[in-house]
Structures are given as structure tokens and as C-alpha cells.
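Thanks, everyone, for making the time.

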Amino acid sequence: MAKSLNFRTTCAVAGFSLAALGSASAAEQIMFVSQGGAYQKAQTIAILDPSAKKLGITINQDSVPDAWPIMRSQVASGKPTWDVVDVATNFCLRGGEQGIVEKLDFSKIPNAAAMPAEYRSDYSVAYEFYSSVLGYNLKKFPDAASAPKSWADFWDVKKFPGRRSLRNHPLATLEAALMADGVAADKLYPLDVDRAFKKLEEVKPNITVWWTSGAQSAQLLNDGEVDMVMAWNGRISALAKEGAKVTYTYNQGILQSTSLCVLKGAPNLPTAIKFLNEAVDPVHQANLPLHIDYGPANPKAYDTKVISEARVKELPSAPENAKVQALMSYAWWTSPAGEAAEKRWLQFMQK
Amino acid sequence: MSTSTIDPSLRHQRREQALMTLLAAPAVLVIAALVVIPVGWLAAQSIYDNGFTLEHYRRIFTEEVYWRSFALTFRIALMVTLLTLLLGYPVAYAAAHAKRPWNVLILACVMLPFWTSVLVRAYAWLVLLQRTGVANQLLERFGLITEPLAMVHNELGTVIATVHILLPFMVLPLYSTMQKIPRELMLAGASLGGGPLYSFRRIFLPLSLPGVVAGLTLVFVLTLGFYITPELLGGGRTIMISMVVSRNVELYNQWGAASAVGVVLLICVLAIFAAVGRIIPLDKMLGQK
Amino acid sequence: MKTTLLPRLAFGLLVGLILIYLMLPVLIIVPMSFSSTRFLTFPPPALSLRWYQEYFGNPNWMQGTRMSLMLGVLTVLIATPLGTAAAYAISNAQNRLMRSLHMVLMLPLIVPIIIVAIGIFFVYAKLGLIQTLTGLVLANVMLGLPYVITSVVAGLQSFDKTQEMVARSLGMNRLRAFLTVTLPQIKASVFAGAVFAFISAIDETIIALFVSGGQYQTLTKRMFTALRDEIDPTIASISTLLTAASFLLVLLAMSGQKKEA
């Protein structure tokens, strides 16, 4: 028995030393993982490079669109190679529950400690805000008066004929369904899951595509494959910047965040915590929206004057815009009721 | 010269056999370590969850999510298989009967897409078949339709792209069977007074059947395991078994459920191969791939 | 045999249409790769080399390409000798054990890839082989073996075994007899098998999705994840290059086989 175990560890060590070969260096460093693309490029300029410089550390980067299964397998292997992960907040919370991410000591993260309590948890710090908004094609709805403005409009296929697309995921989609059914944005939680699915059943025959990636939602709207879509605000504004005739409204948008969390047993834990504090520094945070259409998570960023007045108006987490949106409760989504709702999704899709 | 009591030729034979087994051993070990053990592990997991349980299997047969997906997958596999046969048979026939350079050209047309990434081909179909895509524009210009057809983001799109990917797996076994059918037989059929259709039906078709069976089996079984194409072209609604397996693992960490679904799928595949293997030797079928 | 012209024309037309269907994706991928816009559109509004520059100028794409090439080469270096040895054993020993071993060796073609992928993911997670080169190479050797074996078994079938016997009776040992007499005559089959194993390793996506990552990401995995982020014509240009390269390799393998026959 002992022998076979030994053999196993030897194999594991051989595997890891192979993996570690490329990145041996004496200076303090961390492995930071985000979601890639334009978003990761923007934060590299706004946050990662300045933080690395200020702290005198090296920030190695990796990008993974679906980090969750890898987070789990890394921790399960007993020797994770990632330190800090930037993922949708619910994964940080679930990771906390399942012992996959480290509990944070906020006395060592003063910048985060100063943020509003709902922006952090025992295991995570909010990193940036984005919004699931109602976007539409301007060729189909040229004047503002007759354009869809709310989820009720999105659901109203008679008054607003056209092809529609929703995300193939319950998060934010159930919220939109409830708002379409008349639930107020600040009275959503706990979600009435049955009511939400019933409302979704109503619009289902009119959904042309259930999109699975941000790129797909943008391509669908750009190609005219659909006329209106629930998509992330940055996706639609990027299209508009490319000259596509599309726009969106923040009204009844669902304000969501990604958070930073640290993997359990991270190889460079102390450096990772130092980085966490630096990453939510108001000035770095204020720099993020200069490079991409996502909002800072630290509200103090709006006091730094780094972001121009005009720019503030375009950001999802700007106070004016936040007022007309619903703030997603990740705590509810990681509760048993939330997880049950998530599992029910597949069944709903197949019917 | 041997003084041994064992017949030397027998001993030689044994040594030969041992040597051959030894030569095959490294390859067999690789397959054992990377197919047999992982799949066996999954099988064990599907019936062991803190003790022996058939719960995961019970769920496959009672919960809608699972059996709907199985039903959809088999329906798509059936459609794809029949369509590849309908499209593949004439192509293989033409390739087997055309003269140079036409036969080479036909085979090249069959093989070239084979070496284009499945991923990229899925996007090519999106561009071709979507509402504002080339296909709809052409159909509209010729006045064949007034409203764009929904050819993608649904089952139809999945089938069109899957047939495209699997067509070579039908054409190649058909072609290699047809090539071996002596032309004189057809001539003999004609000399007996039958028309070309008669000799085709009575002579050529029956002789090409082994290729048909091999192609049908390969295409059917490969469709059962399809993953990327329905994911990208199904519009989110076309959930095939492979997608259920990967979702159970990635999203919900339900290894038991994923393993059970995988095991059922594997049993289906093995049963099909075993049944067909009684008609055509398996290595012949796969060798033509 | 006399056939009237009309049915033959109709048949030719039918086959032509099916061949167009087969070629259609390739026919639009190539022009799209030279597109000037950021979106996958056909026909492209104007031509440019922008997406080829994007591919060659982006360190991530280059890393993925190097990784995939290295993976392909390592896979071939391991799968070819293992597969050839197994094929030699299969065609020499016609007994029951070897026939069942032959079946076992064909398993990677039979078992649906997703099942193999999650099984390997699970076992690798236990052994710490996820995101390692070793893990990826092993998986691709497994996938490549059936190709090598099938090709070499076919080659050995048409090879006259008595030649090797003669060489051995002249005093050569088995290995030398194989290397100097048999191998040169089946080398085209071995080469064809190696090419198939190489292309299979370069094109493999599903196992890579589960077990590759970090600095060991294959090109196909990068393509898959990049497509979730931006759907732009870079993938069309990569695909065009890959198709051209694979086709050349196959032509090379086929011409080698022709010479042998």
C-alpha cells in the first residue's frame, strides 16, 4: 500500500517539476488568472502592470474562460499553480464553501476593507462591474420612442416583433424574467424560481439562439441574426465603436461583478494578498474604465477624478446608472436554492 | 541437436509467441493506461458513491434531462447516418468508376475538408447558413423563399455540419468495397438482358453491401459521441449526450452522473460494434478509416 | 456498356453538387482569412493580410503553435516505434491472444472521445498530470497508435515475409533482419501512419480542452478559447495554413505509398 502511494507521489512530483521548469525565478511572483481577450489586456495596462511595478513583483498571467473546473482540480491535486483568480463572484463564494479558496484577512487588505460590505465576502473582493443589459439593433428599432426599454418589452413579442437571444445560463436570465413579470429590481431576492421559469417558458418559442459566449452574443447582434439580445454592456458598446448600428439601455440591467480570490494552498500566498490590496487601489481601479467599458469595483475610484464626467455616465457601476439596475445577489445564487435553480436550467432548455 | 524432451518446433513457436507479445506490450500498455484504466475508473465511479449504488443509472432512465438527451442523440445519429449514405453512395460510385484524373479529383474533394479543423468548419457553416448568410441570400435572389430559412442554431444546422464532417467516413469504406467489384460482373448482367438499373440492383448493390454496413456503423457510432458541432451550431437547444457528460463534470462536479451517462453511451457503442462485428470483421471496418 | 447520355449527365450533376457541399466550408474559409473586417463575414468587403499578421505577431498564437508542433513531433517519435512493433507482432502472430490485443489497440477509435477525455482528466487530476507536457503527449500517443498500427499492418500484409526469413537464415539477428530487409520495404506505410498520428495530434481538441493549460496550451485549445472571446478571422487564417500544411503532408505520404506499390 505504502509503495503504491509512493509511486503515485513520485509520478506527481515528476509531473510538477516538469511544469515548474519554465518559470523558476528568484523574485517574488504570482500567477494571476483572468478570462483573456480585450478584458485581460485592459486590466494588464490599467491594473496589473502598475501593481507589479509598485510592489516590485512579477505577475505571470494565464487566461481561462471557464476557470471553475480547473480551480477545483488544481486544489484537489494538492499543489495548485495558480495564486489569484479573477472569476464571476459566485465561483469565489462557492469556492469558499467547498474549501477551494483561502479565507481572507481584511486587516491585511486595507483597500478592500474600506469598500462597501456587499462588495466583498470572507473569500473574495469585488474587482470590476459589468451589466447584463438589453441591447438591440438600431436598423430594426431606429427611433428611441419605439425601441424596447425594459424586460417587459423584450417579452412583448406583439408590440416588439423581432428575433431574440438570451444567454444559455440562468444567472441574470431568471432576474430578467422576474422583472418582465413585474417584480421590482430591488425586490428580486430570494428569486421566485418557479415564477421565473414560467415566465421564461412564455418567451422561449421566440428565442432564436441561446448564446454561450460573449463573442457569440456580439456576432449574433452584428450579423443581424437577432434583433434584440440580453448581453454584457461592454460587448454591445464595442460593436457600436466598430460602427455597427446597435445600442443598449441600462434600464433594468443586472449589475454583476467578477471578484478576486486566492486558491487554497496558493504557492505564493503572502504576495497574492499584497497584490489583492493593490488591485483594488482606487487609482488603479479608476484606470480600468479608460481601457474597457467595465466599471471599477471600488467606489472610491469615482473620487479620484481620473475618470472624466462624460465617461462616468457610460459605466455600469456609475451611481446614476446603478440606480436603474438590479444588483445581483451572488449569496443567493450560491445558496442551495440558487444551486437548485442552476441545475434546473438544463431541463428547461431541453423541453 | 536439442536434448530437451519438448518438441523443438513447439518450443520455437512458444518463444516466437512470447516475443510477439513482448513487442505489442508497450503499445498495449499505453492503451491500457489511457483508455482502459480511465474508463474503468469511470465505470467504478458510476456505481460507487460512498457505497454501492445504482442511483445514477436509475436517474438516467427516470429523469427527463437524460433520456431526452439520449433520444435526441439517437435521432440525430439516425438522420446523419441515412443522409451520409444517400450522399456518400453516389460519390463513392463515381470515384470508383470515373477515369483518371476525375477519380483523383473526387477523392481529393472528399479528403480536403477532412483536414480542416472541425472547430473552424462549424463557424464556416454559421456564416453560410445564418439568416443573413450566403445560402439565404442566394435562395432569396432566385425567388425560392421570401423569408430567410432557419438553417442554423437548431437541429438542422447540427445535422448539416455533422453530415459534412462524417461524409468521408462513409465514402472511404464504400469506395474501397466498390473498387473490388469486378466490372465483368456488371457486363455479364447486361448480357443477360437486364438493363443497367437491373444489373446495378441485382449485382452491384448486393456486392457493395459490406461497405455500406461498415460506413453506416462508423458514422452512426461517431455521431453518438459528437461534441463540438452541436455545441456551436445547435443554438443551445440541441443537447447531445456528450454535452450532458461534460456539463455534469464542468459545471456541477457530478462525476457519478457523468460517468453513468458515459458508461451507457459506451455500452451502446460496444453493442453496435459487437453486432456488426458478426457480419464484418472489426479490423476491416476500422482499417478503412 | 451503353448508357444514355441524360441519366449520366444527371448523375454527374448530382455528384458535382455533393462535392460542392463538401468543399463549401473550405471555399469560404480561405477568402474569409484574407478579410479586412473584424468579423467573420462572407464575402469579405476588402482583402488584407491583417489576420495573418495577427496570427504571426501574437505571442500566444505562436506559443500554441510551437506547443502543437512539439506535441505532434513527440507523439510521432513515440507512437511510430510502439505502433510499428505492435503491428509487426499482430501480423506475425496469428493467435487468439494477439487478435484480442489488436481489438484493444483499436479502442481509441471506438470509445467516444468525450468519455476518454473525462476519464483521462480524472486520472490525470489524481496523478498531477494536468497541464503538463507529459500528460498531453501520452494522450496523443494513445490516439495516434491505431493510425500507425492500421497503416503498418496493411503494409506488412503486402510484404513477402519469406524475405525476412531468408535474411535470418543467413545469420542476421531478428532486429537487424527487420531493420535492413523489412523496414525499407514498408517504410511508406510507416511514414503514412506517422503522418496520420502527427495530424491527429495537431488537430485534437477535446482532450486538450480538459487537460492542457498554462504554458502547455495547444493551438486548438487556444483557438477554442479565443473564439469564446472574439470571433474574428484569425481562426480562418490559422485554419487555412493548417489545411494547406496537412494536405501537403498527406500528398507526401500518398506519393510515398504509390512508389512502394
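Predicted model: local features only at pLDDT ≥ 70, side-chain atom pairs only at ≥ 80, totals over all residues.

Let me begin with chain A, which is divided into domain 1, covering 28-129 together with 257-326, and domain 2, covering 132-254 together with 329-350. The C-alpha centres of these two domains of chain A lie 26 Å apart, and the contact between them takes 13 residues from domain 1 and 16 residues from domain 2. On the domain 1 side, helix α4 of chain A, residues 89-97, supplies the largest share, namely five residues. If we sort that side of domain 1 by class, we find six nonpolar, four polar and three charged residues.

Moving on to the contacts between chains, I would take chains B and C next, where 64 residues of chain B are in contact with 74 residues of chain C. On the chain B side, the largest share comes from helix α1 of chain B, residues 8-47, which contributes 17 residues. The classes on this side of chain B are 51 nonpolar, ten polar and three charged residues.

Chain C also touches chain A, through a contact that takes 20 residues from chain C and 26 residues from chain A. The elements of chain C that each give two or more residues to its side are α5 (113-127), α6 (133-157) and α10 (219-229), and the largest share, four residues, comes from α10(C). By class, this side of chain C holds eight nonpolar, eight polar and four charged residues.

Which residues touch the most other members of the largest nonpolar core? In this core of 170 residues they are Ile118(C) and Leu145(C), while the element that gives the most to the core is α6(C), with 15 residues. If we leave aside the neighbours of Leu145(C) within four places in sequence, Leu145(C) is in contact with Ala27(B), Val30(B) and Ile31(B) from chain B, and with Ala79(C), Leu82(C), Gly83(C), Leu105(C) and Pro108(C) from chain C. Apart from this core lies another one, of 99 residues, whose members include Met31(A), Ile47(A), Leu134(A) and Leu166(A).

I will stop there, and I am happy to go back to any of these contacts on the screen.

Technical notes. Residues numbered from 1 in each chain as written. Chains lettered and ligands numbered in written order. Domains from an automatic or database assignment. Contact = placed C-beta atoms within 7 Å. Nonpolar A, V, L, I, M, F, W, Y, C, P; charged D, E, K, R; others polar. Core = buried A, V, L, I, M, F, W, Y, C linked by C-beta atoms within 7 Å. Buried ≥ 20, exposed ≤ 12 C-beta atoms within 10 Å, placed from the backbone.
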